[in-house]
Amino acid sequence: MKKMWTIAVNTFRESMRKKTLYIILIFALIVIGASKLFSFLTAEEELKMIKDVSFSAIEFFGALIAIFASITAISTEIERRTIYTLLTKPIRRSDFVLGKFFGVSLIIFVNFILTTLFFIGLLLFKKSIPDIEVFKTLLLIFFELILIGGITLALGTFTTDAFNIICSFFLYIVGHLTSYGKEMIERTENIVVAGLADMLYTLVPNYENFNIRDKIVVGISVSWGYVGYTILYGILYTCIVLLIALYFFQKREI
Amino acid sequence: MAIIQTDKLTKHYVLGRKKFVVGLENVDLEINEGEIFGILGPNGSGKTTCLKLLLGILFPTSGEARIMGRLPDDIEMKQYVGFLPENPYYYDYLNGPELLLFYARLFSIRPDVAKKRIDELLELVELNNARRLTLRHYSKGMLERIGLAASLINDPKILILDEPTTGLDPIGCRDTRNLLIKLKQQGKTILLSSHFLSEVERVCERIAIFHRGHLLATGTLDALNKQYQAENLEDLFVKTIYAFDNQEAVKTGEPK
Ligand SMILES: Nc1ncnc2c1ncn2[C@@H]1O[C@H](COP(=O)(O)OP(=O)(O)OP(=O)(O)O)[C@@H](O)[C@H]1O
Ligand SMILES: [Mg+2]
């Protein structure tokens, strides 16, 4: 357990030295820029825009960081052959993979907190106190980011980096289009096609479930039941992909 | 009983359907407790492959490898093993003490014990003056030395070194050699690979010669020299390898 944590902290330290922080900077610029852009709106509408842009930016840049941190977490160790010095120590391969996952989660968390603080600061600056609905939206975004990180990490245990990037972004896009998919399935008459599509729908990570910002921004509240259910979905899905990662990494030759 | 043992250890690197490269073929090795054992062989002869199989970085195609009677995936056994990979490369944003502390944690060494040990080791490999320098600014020889220190952090019973003197200057080579002898006197078992024949000749009690994944000869230098009527290690090395290549040429009917 402690060894896992050692690896996690090292992963975090390493990423902090890379350009992750620039992404946060870009985030800040976009959000500030956007809020300036909409200052011709009424105060209430401006606030809506700020929330909308900020939620989207926290989610999108968070996803970027989750994907890139997860890819580099394992592949730089292999590329630089530092992994030889790890796997020959008394640590299990599972400790290594889980350590990497927690390291990536830490990166996601810190980035998430920084961007969120910036967003809340902006709200307070505009004399708006963030309510519980804002908190729900952010909470769901966080669990979505953890899931994205877990999926990319798992893919990294058996694919190349290039394929992993493509796959991760593909899933990111498809995972956000699931509601359209569901509609199409319901309209399909062919049972086989509908069955296959239904299976695909169940397998693909349903990132859109985590997106409640469209509702929150226009003032519709979302129940805690839904939030809890979605978080549970995220955690379960993450656990399953981690099991897949452990399975593949156990047999991997380096 | 041998402390390190391989039994018909074989590794084929699979490249595609029915295509593979022989990394190691049917190797039986026995290394006794407390000896310095050298694996010799030309480039690509399977030295690194053998060490990686022992440590569980690679998995054998067939046969098995054991250290202290345990299979390579045994966590407890690794507590007693130190390893220096070839051309070691480490987290270059750390400095020497930080790197050693990181590895100490992976061995669950108590912080106070680790601190003392780190000071001793930095002294031993003469990197005490470079404590604040990050590894990015290390020279090749310094990297090799910090690697050696890292492989000793757990005070291992068994030390496995893949080409420990590559990149070292003559003085570094001599220091390493003396260090190995000192470690042996402390009762450690050392398995090293090298292509520096003179190095091996001076420190190793027994050797093995690898070529194209095959184990050609193993034993004490004197016994092998006698067996192959060789004058010295270089002569022995060349003779065994030529003999093997000729044999293969005859087998496959290729003109030499
Ligand atoms: N990952 C790999 N995939 C395919 N072939 C490999 C792989 N690693 C090693 N080989 C092959 O296995 C053989 C043995 O390689 P190995 O690295 O064990 O040699 P070595 O004795 O350590 O050589 P050197 O002295 O150059 O370090 C070589 O023919 C090499 O090309
Ligand atoms: Mg080698």
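Helices, as the word is used here, are DSSP runs of H or I with at least four residues, and they are numbered from the N terminus. By that count, K127(A) sits in the loop between helix 5 and helix 6 (132-156) of chain A. The structure is a predicted model.

Most residues other than glycine have a negative phi. K127(A) is not a glycine, yet its phi is positive, at about 65 degrees. The relative accessibility of K127(A) is 77%, so the residue counts as exposed, because exposed means over 50%.

K18(B) is not a glycine either and has a positive phi of about 65 degrees. K18(B) is found in the loop between strand 1 and strand 2 of chain B. With a relative accessibility of 82%, K18(B) counts as exposed.

## Annotated regions

For chain A, the UniProt record (an unreviewed entry) carries the annotation "transmembrane region". The annotation covers residues 21-41, 53-76, 97-125, 137-155, 162-180 and 226-249. Two of these spans can be described further. Residues 137-155 of chain A are 100% helix and 0% strand, and the C-alpha atoms at the ends of the span lie 27 Å apart. Residues 162-180 of chain A are 95% helix and 0% strand, with 28 Å between the end C-alpha atoms.

For chain B, UniProt lists "domain: ABC transporter" (unreviewed entry) at residues 4-237. Over residues 4-237, chain B is 36% helix and 28% strand. The end C-alpha atoms of this stretch are 23 Å apart.

Which residues come nearest to ligand 1? They are N43(B), G44(B), K47(B), T48(B) and T49(B), out of 15 residues around the ligand. By class, this shell has 4 nonpolar, 8 polar and 3 charged residues.

Several atom pairs can be described one by one. A nitrogen atom of ligand 1 lies 3.4 Å from a polar side-chain atom of Y13(B). An oxygen atom of ligand 1 is 3.0 Å from a polar atom in the backbone of G46(B). For E163(B), an N or O atom of the side chain is 3.3 Å from an oxygen atom of ligand 1. On its own, ligand 1 has 630 Å² of accessible area, and the protein covers 65% of this. Strand 2 (19-31) and helix 1 (47-55) of chain B are the elements that give two or more residues to the shell around ligand 1.

## Salt bridges

Side chains of opposite charge can pair when their charged atoms come close. Over all chains, the structure holds 22 salt bridges.

| Residue with N | Residue with O | Distance |
|---|---|---|
| R13(A) | E98(B) | 3.7 Å |
| K100(A) | E77(A) | 2.8 Å |
| K11(B) | E253(A) | 2.6 Å |

The salt bridge of E98(B) and R13(A) crosses between chains, from helix 3 (residues 96-106) of chain B to helix 1 (residues 2-17) of chain A. E98(B) is partly exposed, with a relative accessible area of 31%. R13(A) also counts as partly exposed, at 37% relative accessibility.

The salt bridge of K100(A) with E77(A) ties together parts of chain A that are 23 residues apart in sequence, because K100(A) lies in helix 5 (residues 93-125) and E77(A) in helix 3 (residues 43-79). Are these two residues buried or exposed? K100(A) is buried, with a relative accessible area of 1%. E77(A) is buried as well, and its relative accessible area is 1%.

The salt bridge of K11(B) with E253(A) crosses between chains too: K11(B) is in strand 1 (residues 4-16) of chain B, and E253(A) is in the segment after helix 11 (224-250) of chain A. K11(B) counts as buried, at 4% relative accessibility, whereas E253(A) is partly exposed, at 33% relative accessible area.

Salt bridges can also share partners. In chain B, K116(B), R117(B), E120(B), D155(B) and K188(B) are joined in this way into one network.

Note on methods
Residues numbered from 1 in each chain as written. Chains lettered and ligands numbered in written order. Predicted model: local features only at pLDDT ≥ 70, side-chain atom pairs only at ≥ 80, totals over all residues. Heavy atoms only, no water. UniProt positions renumbered as here; feature names shortened; annotations may be inferred. Near = heavy atom within 4 Å. Polar contact = N/O pair within 3.5 Å; in protein donor to acceptor, adjacent residues only side chain to side chain. Areas by Shrake-Rupley, 256 points an atom, 1.4 Å probe, with all protein chains shown as cover. Nonpolar A, V, L, I, M, F, W, Y, C, P; charged D, E, K, R; others polar. Salt bridge = Lys/Arg side-chain N within 4 Å of Asp/Glu carboxyl O. Buried < 20%, exposed > 50% of the residue type's maximum accessible area, 1.4 Å probe, protein only.
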